[in-house]
Number of protein chains: 2
Amino acid sequence: MTASTTIPDTPGTAVLRRFNRTWSQRVGVLEDSFLGLGLPLSRARLLHEVGHDPDVTVRDLRERLDLDSGYLSRLLRDLEDRKLVVLTPDPADRRRRRIHLTRSGARLAARLEDRSEDLAQRLVDPLTVRQRERLLAALGSADLLVRAATVHLERVAPDGPLAAEAMASYVAELDATFPDGFAPGPVAPPEVVVLARSDGATAACGGLQPLGDGTAEVKRMWVSPDWRGAGLGARLLRHLEGLAREAGHERVVLDTNLALTDAVALYERNGYRRTERYNDNPYAEAFFTKDLTQDLTQDLTSPPA
Amino acid sequence: MTASTTIPDTPGTAVLRRFNRTWSQRVGVLEDSFLGLGLPLSRARLLHEVGHDPDVTVRDLRERLDLDSGYLSRLLRDLEDRKLVVLTPDPADRRRRRIHLTRSGARLAARLEDRSEDLAQRLVDPLTVRQRERLLAALGSADLLVRAATVHLERVAPDGPLAAEAMASYVAELDATFPDGFAPGPVAPPEVVVLARSDGATAACGGLQPLGDGTAEVKRMWVSPDWRGAGLGARLLRHLEGLAREAGHERVVLDTNLALTDAVALYERNGYRRTERYNDNPYAEAFFTKDLTQDLTQDLTSPPA
DNA sequence: CCATTTGTCTGACTCAAGTCAGAGATCGGT
DNA sequence: ACCGATCTCTGACTTGAGTCAGACAAATGG
């Protein structure tokens with residue numbers, strides 16, 4: 001609660017590191033709570049994961065948990081020997097194997113869950129209702145911010161499945177937002193597609209289309225509802241501007257519908273100014289442009305050196 | 001950011017557990033950051049600990065980190081072989097051995113520190129200044145609350161060193177607060193002394209002295225400045241009331257100085273009412289009492305069952 | 001239908017992190 | 001000077017977690 005009109009010498013990371021220490025000392029137990037029911041941690045985590053979505057394939061797990069295939073195979077075998085799971089070949093692709101919990105596996109998974117819930121409860125217990133609310137609010141916003149901070153921006157193939165999926169989300173959202181729906185004709189995807197990805201899910205997307213004459217158009221800016229308010233839009237926008245600048249463009253333009261108030265605010269906040277219509281997109285009501293040659297935007301992502 | 005006028009079914013622990021997941025996935029790396037400089041984690045941690053206070057004895061470390069003596073011995077030997085520390089017998093007690101960092105040990109410890117700082121910096125980096133402030137504020141308050149929630153209240157020997165130390169802090173604070181200082185005569189410690197301890201440090205203290213006639217006096221309530229605002233005072237007070245009730249007392253009384261506005265507020269918030277002077281303590285300006293027989297105070301520490 | 005890729009599994013390791021049972025010095029009290 | 005406690009160290013184990021190099025079977029693309 002120190003006043004923070006000036007940037008302190010120790011740039012907050014002290015707080016972060018202290019918190020990390022506190023958390024891992026006192027709450028690290030939450031993880032270890034999976035322990036003590038006869039299963040080592042790795043196996044318990046695996047069981048938990050299987051419990052969370054039945055019928056996963058070995059492959060899915062391997063990808064999700066980033067485990068060595070041999071190791072995973074052995075872990076699964078161990079769970080199988082303990083009669084906690086059964087592996088059956090996937091009829092659709094007989095190389096794959098599907099994993100189901102047995103009855104006792106489900107029971108154990110539930111007990112692990114309870115145990116972890118118990119521990120969480122016990123942590124929160126000594127606090128007053130008021131404090132509990134403060135704690136949970138703090139953790140909630142820290143969660144969002146940490147996740148936002150660790151999102152990866154990656155350029156993907158514009159015609160790949162990831163890009164297609166993101167485009168579909170974008171279209172679906174506009175369709176739900178506009179009073180008369182949104183039904184664009186079949187359009188080619190933009191030349192550049194960037195996704196913000198987190199945990200294998202797409203948190204935001206945006207595209208870039210060269211229009212010639214030193215101009216690139218920003219297209220399909222979209223932030224998943226789960227991620228609003230985490231600054232992903234601004235980050236993605238800056239990233240796209242950077243790419244445009246690298247590609248030698250002198251300005252970016254974009255169009256938008258005025259119903260998208262958040263988007264309009266985002267553009268205005270980031271140095272975009274209204275300009276005249278430059279296309280015949282029937283859904284577009286407002287047109288923006290930003291000069292990339294004069295680097296007025298100070299980089300907000302890193303402190304002044 | 002959901003409205004929280006009603007208590008949700010899933011009592012926040014979901015938020016907590018989700019946060020735990022996020023944190024350990026993304027930031028757990030902070031711990032592992034000690035890795036990769038050629039030292040395994042346990043040794044790196046040990047080095048870090050030694051760096052933080054030079055001239056520790058093996059015994060101290062064993063106690064502080066709760067390690068098996070054989071294991072610790074081996075770890076230290078490993079550090080010694082790597083020429084990172086030197087062990088010398090303690091002249092005062094030649095069974096003990098003191099540990100010092102060598103020059104290269106200190107260098108490595110500093111690099112470990114930097115590395116962890118770097119990682120923290122990198123986490124925070126993609127955020128805007130605004131978001132960073134939000135994150136650090138959230139972590140700061142979560143830190144305090146988590147630490148508060150995991151404080152242990154323990155009764156200690158009134159004449160032991162821990163009690164003495166706490167009393168000294170109490171006296172020192174009052175001495176600094178009162179315009180004319182605070183110099184009580186040599187008084188016997190209260191019959192019951194309870195400390196709130198965290199990480200081997202005392203966060204708060206309080207005492208209980210039977211006055212006869214069904215009455216117990218609450219004495220020496222003190223919360224360390226680091227811990228103000230975490231609700232420790234209320235918790236300790238309730239704990240003392242419980243002890244008094246168990247011991248068969250019907251009411252508690254206490255005196256205080258009006259300069260201690262926080263304390264006065266605490267007592268009023270917790271059902272204490274003003275009463276007339278019952279002793280001749282020259283520093284006391286206000287006297288409070290609370291009836292223990294009617295259990296009006298609902299227990300705020302746990303939700304209604 | 002054949003070569004290549006993909007998905008799973010086995011065997012043979014490594015490494016970190018402990019635990020447990022003493023051995024041997026050293027100290028403190030009597 | 002002796003006894004029991006204290007401190008440190010050694011040896012002999014265990015367990016968990018994970019890596020790496022293939023082997024083998026099923027799918028997939030030309």
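Author: A polar contact is a pair of N or O atoms within 3.5 Å; within protein, one of the two must be able to donate a hydrogen and the other to accept it, and residues adjacent in sequence count only if both atoms are side-chain atoms. This is a predicted model, in which local features need pLDDT of at least 70 and side-chain atom pairs count only at pLDDT 80 or more, while totals for chains, interfaces and linings use all residues. Residues are numbered from 1 along each chain as its sequence is written, chains are lettered from A and ligands numbered from 1 in the order in which they are written, and side-chain values use heavy atoms, with hydrogens and water left out.

Reader: How far does a polar side-chain atom of A:R59 lie from a phosphate oxygen of DNA strand C?

Author: A:R59 is among the residues that come nearest to DNA strand C, where near means that a heavy atom of the residue lies within 4 Å of the strand. From a polar side-chain atom of A:R59 to a phosphate oxygen of DNA strand C, the distance is 2.7 Å.

Reader: Which element gives the largest share of the surface near DNA strand C?

Author: Helices (H or I, at least four residues) and strands (E, at least two) are DSSP runs, numbered from the N terminus. Elements giving two or more residues to this surface include helix 4 (58-65) of chain A and strand 3 (93-101) of chain B. The largest share, five residues, belongs to helix 5 of chain A.

Reader: Why does the pair of A:Y267 and A:F288 count as tilted?

Author: Rings of Phe, Tyr and Trp (its six-membered ring) pair if their centres lie within 6.5 Å, and planes under 30 degrees apart count as stacked, over 60 as edge-to-face and the rest as tilted. By this rule there are 19 aromatic pairs over all chains. In the pair of A:Y267 and A:F288 the centres are 5.8 Å apart and the planes stand at 50°, so the pair is tilted.

Reader: How many residues apart in sequence are the parts that this pair of A:Y267 and A:F288 ties together?

Author: A:Y267 is buried at a relative accessible area of 5%, and A:F288 is buried at 0%, where buried means under 20%, exposed over 50% and partly exposed in between (1.4 Å probe, protein chains only). Because A:Y267 lies in helix 10 (residues 261-269) and A:F288 in strand 10 (residues 286-291) of chain A, the parts tied together are apart in sequence by 21 residues.
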